[in-house]
Amino acid sequence: MSDPSSLPFLTRLWFAYVVFFRVLFNGEYAAQLHSPKALPEAKPEPKLPPKAEPKPAAKPEPAAPNQDAALQLLALLQREGRFVDFLEEDVTSFADADIGAAARVVHSGCRKALRDHVKLEPVRTEEEGARVTLEEPLDAAAVKLTGNVQGKGPFSGTLRHRGWKAAEITMPTAVAGHDARILAQAEVEL
Amino acid sequence: MSTPRYVVGIDLGTTHTALAYALIQDDPTKPAPPVEVLGVPQLVAQGTVESRELLPSFFYVAHESDGPQALPWDKKRTYVVGEHARTRGVDAPARVITSAKSWLCHPTVDRRGAILPAGAPEDVERISPVEASWRYLEHLIEAWDHVVAKGDPELALSKQSVVLTVPASFDAAARELTTEAAYAAGLEELTLLEEPQAAFYAWLAMRGDQWRKDVKVGDAVLVVDVGGGTTDFSVIAAVEKDGELALERVAVGDHILLGGDNMDLLLAHVVEQKMLAEAEAAGKTLELDRWQRVALQHAARAAKEKLLGDSKAKTAPIAIAGKGSKLVGSTLRAELTRDEVTRAIVDGFFPVVDADARPATRARAALTQLGLPYAQDPAVTKHLAALLARHADALEKVAGGAAPAAAATSGKKGAAAAPKMLHPTRILFNGGVMKSGVLRERLVSCLTTWMASEGAPAPLMLEGTDLDLAVARGAAAYGLARRGRGVRIRGGTGRAYYVGIEGAVPAIPGLEPPVTALCVAPFGMEEGTASEVPGQELGVVVGEKVRFRFFGSSVRRKDAVGTALERWKSDELDELAPIEVDLPAEGRSQGDVVPVRLRSSVTEVGTLLLEAVPLQPRKKDERWKVELSVRAD
């Protein structure tokens with residue numbers, strides 16, 4: 001999982017989603033990401049593979065059910081929060097106020113969709129900025145060490161990001177025969 | 001019939017329907033089983049099924065172009081019930097039925113006639129208000145059978161003990177139509193329960209044995225239930241009966257079609273006016289389309305909830321997306337301030353009024369919609385003041401003869417002065433609107449002022465139930481109470497019922513013949529009881545439908561069966577839809593006049609049954625049912 005290009009689609013989607021809002025609403029974070037030098041430090045990356053087992057995707061056989069889950073998620077975010085509309089729009093020419101107004105629609109809708117379908121928990125319950133000590137063996141999937149990484153545990157450091165864990169995920173059931181690739185129907189008013 | 005395994009409470013609401021259930025535990029020494037809420041699978045979008053605790057009470061007649069509206073248990077359905085039906089109500093409003101329950105208690109339409117959706121195009125197959133309610137219940141039955149019973153016929157919902165809630169203000173005909181819908185849907189073991197009582201049962205169940213600390217003999221609990229579409233009041237008195245604390249429902253309010261939806265509509269209107277004014281000031285033109293208006297209503301509701309919750313926020317932002325795929329640039333922005341919400345909602349719907357304020361009866365164009373008799377005065381506080389004044393003497397008659405605390409306190413001031421209004425000592429809120437702390441405080445402060453003016457103590461708030469699901473949960477708790485677990489509220493019919501009999505006087509042109517109102521069922525008639533109406537005989541023509549005028553009164557508590565009223569105050573008796581006897585010709589010749597007496601009973605289900613009993617029966621137990629829910633001319 002160290003090479004980002006190998007991340008499964010669902011994980012990338014979630015990551016894009018979370019980073020998107022952080023960039024939008026957290027100026028400092030955006031600045032850190034924007035300046036290439038600062039990047040290695042600004043890494044408290046949200047680790048959030050939803051439970052829709054990303055592993056089978058790595059297997060050679062075509063993973064059709066997984067694709068459906070991803071499509072469903074996209075359809076859900078589009079339906080509730082106009083997610084695809086927003087990402088597909090060229091925002092460069094618009095004023096921040098206009099983007100902000102649209103972001104409210106996307107934020108409130110996607111947030112509702114997220115909260116209705118995924119029970120999120122932080123990986124670490126301590127406050128960000130608190131000193132934490134990690135005992136061996138380290139759960140590499142749940143905790144990432146950054147900065148001066150060396151030696152053996154127990155590791156003592158500052159919690160930069162609490163992490164996110166999908167404790168429970170309930171996706172809608174697709175009705176048989178429904179084309180999941182249609183994320184949003186075209187609408188024609190008569 | 002097999003023995004039921006579950007008690008099931010169903011809240012068949014104007015805007016939302018919910019189902020709660022509990023396992024029947026026959027061993028009384030074991031702790032009461034927990035009450036759970038069923039997640040109801042429903043279409044939430046085209047081709048997408050999700051389980052939600054609330055099933056929106058909306059019915060969408062699908063168009064050919066929609067394709068089949070498949071559910072896990074039916075692949076070929078041509079209609080939709082639930083969330084997807086509600087959202088389609090925005091896109092294709094002419095094909096969607098809303099507020100079927102309000103139509104169910106509409107006396108001047110044919111409630112069994114295919115009249116909904118009102119104003120639908122020709123190709124839409126219409127259904128009756130009864131059928132719409134039946135479809136909502138059918139959806140719950142199918143969902144239960146799919147999720148809980150899973151094919152086990154013993155566990156099917158039709159075999160369980162079901163408690164169905166109705167507004168306390170529903171008259172006998174509306175109750176009967178509700179049971180008709182339930183039987184049509186396939187429910188077999190059915191009991192009706194009034195919604196405010198259900199809310200109180202939910203509170204009792206939540207408090208466990210502790211409730212006796214909060215409610216004592218002499219207390220009167222006012223239940224204020226403001227839901228999406230209706231406002232319903234009830235007063236429950238705690239009395240002493242055979243040395244035990246007993247509960248008795250002593251007053252119910254009128255049916256008020258006024259709820260959260262009206263408030264959101266008004267707020268959306270306020271915001272729209274503001275956006276138009278801003279656009280005009282900036283020299284732009286702005287016109288909202290239908291979707292934007294609905295989106296605005298949703299956004300206004302969210303903003304209202306934020307501002308009327310207990311938060312300190314001064315403003316709440318509102319953003320409404322355009323319809324096309326372009327989002328940025330077409331999104332409209334506005335802001336709702338605390339002042340605006342306070343003016344529109346708190347002062348508009350819950351104004352501070354004196355104890356002698358009464359609802360106005362002039363038409364209010366902004367709140368009406370074609371067809372349904374919406375409340376003409378939006379002030380909930382005025383409706384409440386009117387209710388308490390009408391039932392000022394309700395506590396005098398309660399069983400056990402224990403002097404209610406409220407009456408005692410007013411007695412201290414001046415023994416001669418009868419209280420001008422009923423004095424509740426406790427208040428329980430229910431319904432989504434009452435989730436707002438600001439609105440609860442407003443109502444309590446109004447009540448406190450009114451009570452103070454009569455020298456009565458301020459009412460205390462009973463807290464702790466989930467206001468959205470309390471009715472369904474409480475209905476299930478009542479189902480358990482009926483099986484010996486926990487205290488029950490006595491009540492009986494919330495009105496007295498009268499048949500109007502025209503006097504035999506020579507016709508005078510331009511003058512209506514005088515009508516005598518004959519009491520056929522007294523106030524508080526309890527389920528399982530029956531009585532023959534003494535005195536007056538009625539003549540019924542064989543083979544012809546004979547109609548009688550029918551009246552109800554929620555204030556004449558002392559009239560016994562057979563009481564004949566020659567005159568009454570205009571606000572004492574409400575005329576209901578007429579009743580009708582249709583005597584089959586069997587054994588008698590067409591056109592004969594058969595003298596009959598009326599017999600009234602309250603069934604185990606909780607509906608009023610009127611029967612015509614011939615004075616000279618041709619066979620044993622000969623009697624004919626009197627139809628209650630007839631369309632008025």
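Q: What makes a residue of chain A or chain B part of the contact?
A: This is a predicted model, in which local features need pLDDT of at least 70, side-chain atom pairs count only at pLDDT 80 or more, and totals for chains, interfaces and linings use all residues. Residues are numbered from 1 along each chain as its sequence is written, with chains lettered from A and ligands numbered from 1 in the order in which they are written. Two residues are in contact if their C-beta atoms, placed from the backbone, lie within 7 Å. On that rule, chain A gives 21 residues and chain B gives 19 residues.

Q: Which elements of chain A each supply at least two residues of the side that touches chain B?
A: They are α5 (83–87), α6 (96–117) and β5 (173–174). α6(A) gives the most, with 6 residues. Helices are DSSP runs of H or I with at least four residues, and strands are runs of E with at least two, numbered from the N terminus.

Q: How many residues of the side of chain A that touches chain B are nonpolar, polar or charged?
A: Ala, Val, Leu, Ile, Met, Phe, Trp, Tyr, Cys and Pro count as nonpolar, Asp, Glu, Lys and Arg as charged, and the others, Gly among them, as polar. This side has 11 nonpolar, 4 polar and 6 charged residues.

Q: Why are β5(A) and strand β5 of chain B said to pair?
A: Pairing needs at least two bridges found by DSSP. β5(A) and β5(B), residues 48–52, have 2 bridges, so they pair, in the antiparallel sense. A:Thr173 has B:Val49 as its bridge partner.

Q: What makes a residue of α7(B) buried?
A: Buried means 20 or more other C-beta atoms within 10 Å of its own, all placed from the backbone. Among those in α7(B) are B:Leu266, B:Val271 and B:Met275. The buried residues pack against β12 (220–226), α8 (290–308), β15 (315–320), β16 (332–337) and α9 (338–349) of chain B.

Q: Where do the bounds of domain 1 and domain 2 of chain B come from?
A: An automatic or database domain assignment sets the bounds. Domain 1 is 6–193 and domain 2 is 496–627. Their C-alpha centres lie 33 Å apart. The contact takes 10 residues from domain 1 and 8 residues from domain 2.

Notes. A residue is buried if 20 or more other C-beta atoms lie within 10 Å of its own, exposed if 12 or fewer, and partly exposed in between; C-beta atoms are placed from the backbone.
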